[in-house]
There are 2 protein chains.
Amino acid sequence: MAKTPANTHVVIAGAGLVGALLAIQLGRRGYKVTLCERRPDPRTNGFIGGRSINLALSCRGITALERVGLADRVLADAIRMPGRMLHDEAGNLTFQAYSSNPEDAIHSVSRGGLNVTLLEALAEYDNVVMLFEHRCVGADLDAPAIEVEITGGESKRIEADYVIGCDGAFSAVRAVMQTQNRFNYSQQYLDHGYKELTIPPASECGVDPALHNGFAMDPNALHIWPRGHYMMIALPNADRTFTCTLFWPFEGSESFDEISSESAVLPFFEKHFADAVPLMPTLIEDYTKNPIGSLVTVRCSPWHKFGNTVLLGDAAHAIVPFYGQGMNSGFEDCRVLGELIDEHDGDFGEVIREFSKRRIPNANAIADLALDNFIEMRDSVANQMFLLRKRIEHALHAIDAERYMPLYNLVSFSNMPYADAQEVGSKVVRLAQNIADAIGLESGQTMSDAELSRVVAEYISKD
Amino acid sequence: MAKTPANTHVVIAGAGLVGALLAIQLGRRGYKVTLCERRPDPRTNGFIGGRSINLALSCRGITALERVGLADRVLADAIRMPGRMLHDEAGNLTFQAYSSNPEDAIHSVSRGGLNVTLLEALAEYDNVVMLFEHRCVGADLDAPAIEVEITGGESKRIEADYVIGCDGAFSAVRAVMQTQNRFNYSQQYLDHGYKELTIPPASECGVDPALHNGFAMDPNALHIWPRGHYMMIALPNADRTFTCTLFWPFEGSESFDEISSESAVLPFFEKHFADAVPLMPTLIEDYTKNPIGSLVTVRCSPWHKFGNTVLLGDAAHAIVPFYGQGMNSGFEDCRVLGELIDEHDGDFGEVIREFSKRRIPNANAIADLALDNFIEMRDSVANQMFLLRKRIEHALHAIDAERYMPLYNLVSFSNMPYADAQEVGSKVVRLAQNIADAIGLESGQTMSDAELSRVVAEYISKD
């Protein structure tokens with residue numbers, strides 16, 4: 001019998017964001033899909049998240065959602081963030097647009113809400129079976145099959161034509177692949193951890209609700225308190241709260257280790273995050289109660305085994321969150337896999353081989369960029385030369401958007417493969433730095449944007 | 001009850017070279033040791049090796065053996081290799097001494113013989129229990145304890161005060177540690193694999209036994225057939241055979257993939273290893289029968305968990321074999337751990353924390369050096385500028401052995417920590433290269449060793 005989608009059974013481990021979107025991609029193409037998820041059904045039980053409450057959706061994620069007709073629905077619930085709002089220690093605010101194009105923005109979305117939207121869309125496909133409280137605990141790469149534990153105790157083996165591991169940074173499917181000969185693998189933790197805190201709506205922290213549409217701060221920005229070797233950020237939620245995330249070293253000076261007692265928390269915050277303290281009535285409670293998360297970068301190669309098992313999303317390439325690309329890169333995986341299925345006329349074995357080959361350099365590029373961007377966010381954004389360079393990048397971009405697209409724009413506002421974006425964007429960074437050096441910091445700082453733009457245009461015309 | 005060695009129970013997973021030597025180190029200090037090994041007892045059953053038949057023992061390994069009084073016994077069975085013998089495609093031989101000091105040599109030893117020697121020495125300690133056919137399959141890091149499967153089927157849990165994983169590159173103890181938060185881990189495979197072949201004694205391959213004391217080639221050298229992107233090497237065995245190892249790419253041109261049929265083997269060898277073919281009467285059979293091994297570099301950090309579980313040897317730092325330092329670095333682990341026990345007056349928790357901290361940079365250094373040395377062995381040794389630089393390094397060393405010890409000497413003929421050796425040795429390499437550039441290749445090649453030495457002495461006197 002010829003293999004058609006209808007008689008090709010694909011089992012997906014993990015119905016998080018990537019697993020659910022992939023199931024839609026396969027469901028639409030008529031594949032017989034079984035989707036196994038360890039958590040209860042969030043549509044009926046509410047979302048039980050293990051991690052960040054909100055996420056920044058940008059171009060790559062939006063493009064992948066457009067392919068399955070869900071972008072508008074998701075963006076309707078999202079909050080536009082066209083730039084960063086920097087908070088210095090004195091409480092002064094500086095807004096940095098992400099792009100010279102005012103239409104460019106990243107979008108704060110709820111992880112739980114987005115997951116439910118994807119699962120609801122999936123319910124339309126009779127050829128997709130969703131099994132909740134089915135935790136993938138292993139795989140048989142020869143069959144292929146996955147082993148699942150059903151909440152309560154029973155174990156089950158699910159055979160399929162193809163196994164897809166979308167089971168996250170600690171993937172059970174990948175753990176089995178790791179025991180195979182010639183499987184390259186690395187997991188590297190940052191010396192920094194994170195902790196989530198909350199800023200309630202304006203009315204609950206003494207801010208005039210009229211100021212920011214009921215929010216305690218401007219919701220149309222990603223807020224950053226850059227403090228050199230550590231930082232705090234805050235993203236807005238639809239319920240007019242902000243979720244703040246501290247990124248601190250685990251050990252050493254000004255670390256989670258050092259600021260561990262209840263009595264140490266407030267003085268530290270009052271010194272370094274003074275403007276945030278009045279907005280955080282539950283600071284001490286949140287700080288004491290909430291766990292410290294760790295931040296891991298996972299790389300592996302190849303992503304497939306035997307042409308019948310493949311990894312997507314965090315299972316293949318967990319990255320640190322500092323470029324806001326974890327979900328976006330996972331969604332891009334789904335888009336690319338879908339395109340490859342169409343290109344290869346459904347030869348799934350060839351699809352996953354090609355997918356692995358094509359995606360690995362891009363995943364490595366965004367992993368590196370995300371690590372680099374931590375330094376930019378916590379430190380460089382408060383550096384004067386960095387700010388001048390950013391203004392020059394924007395001026396270049398405004399002069400010729402195609403030719404001088406800055407790295408941030410290429411990553412966040414384009415679908416250019418990450419490895420290419422890294423290469424092209426680095427050239428623009430070097431050019432902007434050369435122009436900044438030619439102008440000089442003091443002279444550049446005194447120029448208006450219009451003046452700077454004229455000087456930049458003159459520089460490149462001579463180039 | 002105060003913890004003394006006599007009431008401190010240490011369980012060691014793995015009685016290979018490192019596990020056995022470590023057990024001696026602990027046994028001598030009075031610890032209660034349980035040593036679990038998956039293989040049958042090689043003292044009564046013969047050694048069943050999974051890997052390389054012979055190994056190059058050098059200074060670090062010898063020093064560690066001296067500490068337990070076994071160096072002389074081991075060296076008595078070893079074959080001295082004071083240099084490399086290079087075989088070019090035309091069959092011309094060039095001997096390259098490893099050192100300007102004729103006393104420096106590496107020593108070919110039998111893995112099985114050495115393992116038996118260590119286990120025999122261990123039998124003297126009543127406080128050490130050896131359990132063969134006990135395969136470590138897991139660990140409980142909280143207890144701590146290891147889980148073992150006894151050949152035949154039964155499973156057992158062995159609790160102890162401390163667990164030490166000496167269970168090799170695919171360590172089960174490390175696999176459990178890898179699931180712990182903030183455990184950094186990487187496994188990277190080379191694109192080259194290896195296959196072992198045999199050269200029998202002179203009498204079995206038509207060579208006059210009087211020529212090389214019954215060997216088919218000079219036994220007092222490590223033989224290399226450098227061929228650019230691949231190579232073959234051969235080490236002598238006490239039974240007058242040589243074990244040859246091919247290091248070839250898995251795929252591509254001139255690879256295991258390409259030379260896979262019986263009919264392709266001989267023509268290839270006749271073209272590239274012509275002088276070896278007459279010495280290998282079982283070439284086709286060996287090539288067809290013997291498996292292709294893969295070559296992995298394992299790095300992790302930290303090496304301990306909770307101050308009660310620690311990794312040594314390949315379990316902590318598997319490296320590629322091209323510097324002949326796999327066993328030597330593992331034996332050095334044992335020496336350093338022993339020294340730390342003495343320094344810390346038996347506070348084992350502190351010992352393994354300090355051990356992990358101190359050894360990781362050194363393990364990373366030798367891992368990098370071993371990867372670099374593959375290129376040197378298969379390619380650079382046949383490069384004229386490289387050979388001139390090596391002669392200059394030897395000249396520098398002869399002038400001032402302390403100040404200008406070449407990298408190879410620091411690694412193979414000293415106990416300087418690998419990371420320091422890497423740093424110091426790199427400076428000597430750069431100096432030698434500068435001198436080579438100043439002299440010029442052609443001019444250097446025409447100089448006698450005495451002339452070269454004079455020129456080098458003059459150069460550094462002006463430096």
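Analyst: **Where chain A meets chain B**

Between chain A and chain B there are 13 residue pairs in polar contact, with both residues at pLDDT 80 or more. A polar contact here is a pair of N or O atoms within 3.5 Å; within protein, one must be able to donate a hydrogen and the other to accept it, and residues adjacent in sequence count only if both atoms are side-chain atoms. On the chain A side, strand S13 (residues 184-199) gives the largest share of what touches chain B, namely eight residues. Helices (H or I, at least four residues) and strands (E, at least two) are DSSP runs, numbered from the N terminus. Sorted by class, that side of chain A has five nonpolar, eight polar and three charged residues. In this sorting, Ala, Val, Leu, Ile, Met, Phe, Trp, Tyr, Cys and Pro are nonpolar, Asp, Glu, Lys and Arg are charged, and the others, Gly among them, are polar.

Before going on, a word on how to read all this. This is a predicted model, in which local features need pLDDT of at least 70 and side-chain atom pairs count only at pLDDT 80 or more, while totals for chains, interfaces and linings use all residues. Residues are numbered from 1 along each chain as its sequence is written, chains are lettered from A and ligands numbered from 1 in the order in which they are written, and side-chain values use heavy atoms, with hydrogens and water left out.

Back to the interface. Contact (heavy atoms within 4.5 Å) joins 16 residues of chain A to 16 residues of chain B. Together the chains bury about 1,500 Å², and carbon and sulfur atoms give 32% of that area. Buried area is the accessible area (1.4 Å probe) that two parts lose on being put together, summed over both. Of the area that chain A buries against chain B, 42% comes from Arg182(A), Gln187(A) and Tyr189(A), more than from any other three residues.

Gln187(A) also has a place in the strand pairing, standing opposite Tyr185(B) in S13(B). S13(A) and S13(B), which spans residues 184-199 of chain B, pair in the antiparallel sense over three bridges; two strands count as paired if DSSP finds at least two bridges between them. Strands of a sheet pair through backbone hydrogen bonds, either parallel or antiparallel.

Charged side chains take part too. Two salt bridges are counted between chain A and chain B, where a salt bridge is a side-chain nitrogen of Lys or Arg within 4 Å of a carboxyl oxygen of Asp or Glu. Glu251(A) makes a salt bridge with Arg182(B), and their closest N and O atoms are 3.5 Å apart.

Now for what surrounds this region.

Let us finish with some strands in chain A. S9(A) (residues 134-140) and S10(A) (residues 145-150) run antiparallel, joined by six bridges, and a hairpin of four residues links them. Within this pair, Ala139(A) stands opposite Ile146(A). S10(A) also pairs with S11(A) (residues 155-159) in the antiparallel sense over five bridges. Four residues lie between S10(A) and S11(A) in their hairpin, and Gly152(A) in the turn has a positive phi of about 115 degrees.
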